[in-house]
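Please look over these notes with the model open beside them.

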Amino acid sequence: MALSQTLIRAATAQQTGTLVLVLATFSHPIAGTRRIVNDTADLTSNGEVFEAYPFSVVLMADKPDEQPVMTLQAANISRDVLAYARTAAASGTRATVTIQIVAKDEPNIVGAQYTNLEAVEWRYTLEQITARLAFRSYQSEPFPAESFTPGAFPGLF
């Protein structure tokens, strides 16, 4: 994925006036789809409208012995956001999440993108909501996927 020149300049400059925004898209089979941006005004990116909402994202640490996990945290939550989190947490199915990083000047050019995340844990109070986002773990999947039996692989026996 190629970074935009605006994001490259903003990341490498000592000082910059470029505002870097995080777009979060939550998709859940029961609660629906919710798109938010950490800004004070709504933003349209690639034809999708992202609702302005104050939140922060802590990106994953690079630890070889732990599963990568992101944390999305929002303060001063509204009732509709709390209702979305409660519905997603109580349903028994996980919401899929996409995190995108864009420059406010160029919202259609995605600088970085994290897809196929799942909201594995929701924590909420009256003032704050926290979602732990993780990639799907393949550690418990069987390997190899096939069983080497005479019926499936007659040439081996």
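1. Thr25 is buried, with a relative accessible area of 13%. Buried means under 20% relative accessible area and exposed over 50%, with partly exposed in between (1.4 Å probe, protein chains only). Thr25 sits in strand β1. Strands (E, at least two residues) and helices (H or I, at least four) are DSSP runs, numbered from the N terminus. Leaving out residues up to four places away in sequence, Thr25 touches Thr33, Arg34, Arg35, Phe50, Thr96, Val97 and Thr98. Contact means heavy atoms within 4.5 Å.

2. A word on the source. This is a predicted model: local features need pLDDT of at least 70, side-chain atom pairs count only at pLDDT 80 or more, and totals for chains, interfaces and linings use all residues. Residues are numbered from 1 along each chain as its sequence is written, and side-chain values use heavy atoms, with hydrogens and water left out.

3. Leu72 belongs to strand β6 (residues 69-75). Leu72 is buried, at 5% relative accessible area. Its contacts, not counting residues up to four places away in sequence, include Phe26, Phe55, Ile99, Ile129 and Leu133. Leu72 and Arg132 lie 60 residues apart in sequence, yet 6.5 Å apart in space, C-alpha to C-alpha.

4. Which residues of α2 are buried? They are Val81, Leu82, Tyr84, Ala85 and Ala88. Seen down the axis of α2, the buried residues fall within an arc of 155 degrees, so they line one face of the helix. The arc is that of the directions from the helix axis to the C-beta atoms. They pack against β1 (20-28), β2 (32-37), β8 (106-124) and β9 (128-135). The face turned away from the buried side carries the exposed residues Arg79 and Ala90. Just after α2, Gly92 takes a positive phi of about 90 degrees.6. There is 1 cavity of 30 Å³ or more. A cavity is a set of points on a 1 Å grid, over the protein atoms alone, where a 1.4 Å probe fits but cannot get out; lining residues have an atom within 4 Å of a point. Of the 13 residues that line the largest cavity, the closest to its centre are Phe26, Ile36, Leu72, Val81 and Trp122. β2, β6, α2 and β9 each give two or more residues to this lining.

How values were computed: On a 1 Å grid over the protein atoms alone, a cavity is a set of points where a 1.4 Å probe fits but cannot get out, and a pocket is an open set with protein on both sides within 12 Å along at least five of seven lines; lining residues have an atom within 4 Å of a point. Grid points are joined across faces, edges and corners, and a volume is the space filled by probe spheres set on the points.
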